[in-house]
Amino acid sequence: MAWNSRGLRGSMLEEMINLTNEKYRECGLALVQKVPTPITPIQIDKHSRHITLAYFDQKSTVDYIGAIQGIPVCFDAKECAADTFALANVHAHQIRFMQEFEGQDGVAFLIIYYKKRDEYYYMRLRELEIYTKRVDEGGRKSILLSELSGEYFFKASHGMYVPYLEMIKKDLDERQA
């Protein structure tokens, strides 16, 4: 797969998450880092020394991994312009990794940014699995906004761009109930 501008669609979202993670780290709340995707450069602009063409070395797992108050977490950041989220944006190898991660007592999820609404959604792995099963059975290949749980939408607040810790707490509380 060639590296091009399409792969940079979520870079603003990732930058907001990176800033949030830095703030969480500074406050001693969490240590979560961006997982770099290994690439092989093919073309480099000699003047700017920027990579202009590259190939991914391997399939990536998720965008972020770390620990929050001793709880291992991993998540992927997705962005969509419409009120529907295409499940093609989540790859089978990413779901497998998240399933294996939760099998080791971690918490795996997606953060989906609905650009038009300026709103985030915390999608739990078990919720994602319901939608991917639907696709496997020949059903809808996208998720409608109306299908999502209202209690897992959130916005920037408390000086945090993407304050996802409250959603993790809600997720963990539901698991223990």
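Predicted model: local features only at pLDDT ≥ 70, side-chain atom pairs only at ≥ 80, totals over all residues.

Reader: What does Lys78 form a salt bridge with?

Author: With Asp76. The N to O distance between the two side chains is 2.8 Å.

Reader: Is Asp76 buried or exposed?

Author: Buried. Its relative accessible area is 3%. The cut-off for buried is under 20%, so Asp76 at 3% and Lys78 at 12% both pass.

Reader: How many salt bridges in the whole structure?

Author: The search finds 16.

Reader: Give me another pair. What does Asp63 bridge to?

Author: Lys34. The closest N and O atoms are 3.7 Å apart. Asp63 sits in the loop between strand S3 (51-56) and strand S4 (64-68), while Lys34 belongs to strand S1 (residues 30-34), so the bridge ties together parts 29 residues apart in sequence.

Reader: And burial for Asp63 and Lys34: buried or partly exposed?

Author: One of each. Asp63 is buried, at 12% relative accessibility. Lys34 is partly exposed, at 31%.

Reader: What else does Asp63 touch?

Author: Leaving out residues up to four places away in sequence, the contacts are Glu14, Gln33, Lys34, Val35, Phe75, Asp76 and Ala77. Asp76 is in that list, and Asp76 is also the partner of Lys78.

Reader: Now a helix. Which residue does Glu22 pair with?

Author: Arg25. Their closest N and O atoms are 2.5 Å apart.

Reader: Why about one helical turn between Glu22 and Arg25?

Author: Because they are three residues apart in helix H1 (residues 11-26), which puts about one helical turn between them.

Reader: How accessible are Glu22 and Arg25?

Author: Glu22 has 33% relative accessibility and counts as partly exposed. Arg25 is partly exposed too, at 41%.

Reader: Which residues line the second largest pocket?

Author: Leu87, Ala88, Val90, His91, Ala92, Ile95, Gln99, Thr132, Val135, Asp136 and Lys141.

Reader: How does that lining of the second largest pocket split by class?

Author: Six nonpolar, three polar and two charged residues. Asp136 and Lys141 are in the lining, and Asp and Lys both count as charged.

Reader: How does one look for empty space, in general?

Author: Roll a probe the size of a water molecule over the atoms, and it shows where empty space is left.

Reader: Zoom out. How many helices and strands in the chain?

Author: Four helices and 10 strands. Along the sequence the pattern reads α-β-β-β-β-β-β-α-β-β-α-β-β-α.

Reader: What share of the chain is buried?

Author: 36% of the 177 residues.

Reader: And the accessible surface of the chain? What does it come to?

Author: About 10400 Å². Carbon and sulfur atoms hold 53% of that.

Reader: Last one. What share of contacts join residues at least 24 apart?

Author: 64%, counting contacts between residues at least 6 apart in sequence.

Definitions and conventions:
Residues numbered from 1 in each chain as written. Heavy atoms only, no water. 1 Å grid on protein atoms, 1.4 Å probe; cavity = no way out; pocket = protein on both sides within 12 Å on 5 of 7 lines; lining within 4 Å. Salt bridge = Lys/Arg side-chain N within 4 Å of Asp/Glu carboxyl O. Helix = DSSP H or I, 4+ residues; strand = E, 2+ residues; numbered from the N terminus. Buried < 20%, exposed > 50% of the residue type's maximum accessible area, 1.4 Å probe, protein only. Contact = heavy atoms within 4.5 Å. Areas by Shrake-Rupley, 256 points an atom, 1.4 Å probe, with all protein chains shown as cover.
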